[in-house]
Amino acid sequence: MRIYRTADYQEMSRSAARILAAQIQLKPDCVLGLATGSTPIGTYEELVRQYQAGWLDFSEVKSANLDEYRGLTRDNDQSYYYFMRQNLFRHINIKPENTHIPDGSQSDASAECTRYEHVLTQLGGVDLQILGLGHNGHIGFNEPADAFAQTTHCVDLTRSTIEANQRFFAREEDVPRQAYTMGIGTIMRARKILLLVSGSAKADILYASLRGPVTPQVPASILQFHPDVTVITDEAALSSFLRQ
Ligand code: F6R
């Protein structure tokens, strides 16, 4: 595991975009595993800048997102489908048919999760998976649990996640209570992982994830067992390391 310290969110985003750009240049038809949330927005902005400058070509790139709220249709402005369109896809030349996100409008959870795992298998697996880190240590929507989930599944979101995500919704009761997410096993099958963490509010959970015991109670701690993880974090998020 490599941990890169950057001064702030902007530098973290630029560093992450450089890694993604290198991945695309080295393997133009690569499969990128993408995340939503606040953390990767700056990285996506930087990728869009590089595309607009003519440095990047997404015409053969394929993508698979980590997760989606269950119960939201794709045109809902809180869906992760909508987020990806707004923040990345509509600004670059990725082909819509090459972008994959669990379909939150499918009410048959088991069928949708099976379909999504099949999509990932057909893609040949993820080359580079971007992850953000939840305040409770979740990755994707794999919440603290008694065991690591292997494959894409439907989860009940914890109170902490509902509260953290409330900022994007008009009212707390509008936050969906369930989501479809890649499992920990699905995430661990990615060939390379890029974990992005910013801000002092994540400092303790970042330390617990990377230096604490590996436990499903801190889902991100499993990354200690992955052979190729790059962590890019700003100084604020590293503050618990610096105190040790
Ligand atoms: C998003 C996702 C989540 C977020 C995490 C951090 O697709 O899978 O695990 O990465 O909740 O969210 P932010 O970046 O908003 O702090």
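Which exposed residues does the face of helix 4 turned away from its buried side carry? They are Ser110, Thr114, Thr121 and Gln122, where exposed means over 50% relative accessible area, buried under 20% and partly exposed in between (1.4 Å probe, protein chains only).

A note before the views: this is a predicted model, in which local features need pLDDT of at least 70 and side-chain atom pairs count only at pLDDT 80 or more, while totals for chains, interfaces and linings use all residues. Residues are numbered from 1 along each chain as its sequence is written, and side-chain values use heavy atoms, with hydrogens and water left out.

**View 1. Helix 4 and its buried side.** Helices (H or I, at least four residues) and strands (E, at least two) are DSSP runs, numbered from the N terminus. Ala109, Glu112, Cys113, Tyr116, Glu117, Val119, Leu120 and Leu123 are the buried residues here. They sit on the same side of helix 4, because the arc they cover around the axis is only 150 degrees (taken from the directions from the helix axis to the C-beta atoms). An α-helix has 3.6 residues a turn, so residues three or four places apart point the same way. Among the elements covering the buried residues of helix 4 are strand 7 (153-156), strand 8 (178-181) and helix 6 (184-188).

View 2. Seven strands line up in the order 1-10-9-6-2-3-5, with parallel pairing; two strands pair if DSSP finds at least two bridges between them. Strand 1 (2-6) and strand 5 stand at the edges with a single partner strand each, so one side of each has no neighbour in the sheet. Strand 2 and strand 3 share four bridges in the parallel sense, and valine 31 stands opposite lysine 62 in strand 3. Helix 4 packs on the sheet, touching strand 2, strand 3 and strand 5 (contact means heavy atoms within 4.5 Å). Its direction makes about 150 degrees with that of strand 3; axes are lines fitted to C-alpha atoms, for helices over the stretch in contact, and angles run from 0 to 180 degrees between N-to-C directions.

**View 3. Asparagine 165 in helix 5.** Asparagine 165 belongs to helix 5 (residues 159-165). Its relative accessibility is 10%, so asparagine 165 counts as buried. Leaving aside neighbours within four places in sequence, asparagine 165 is in contact with Tyr69, Tyr80, Phe141 and Val175.
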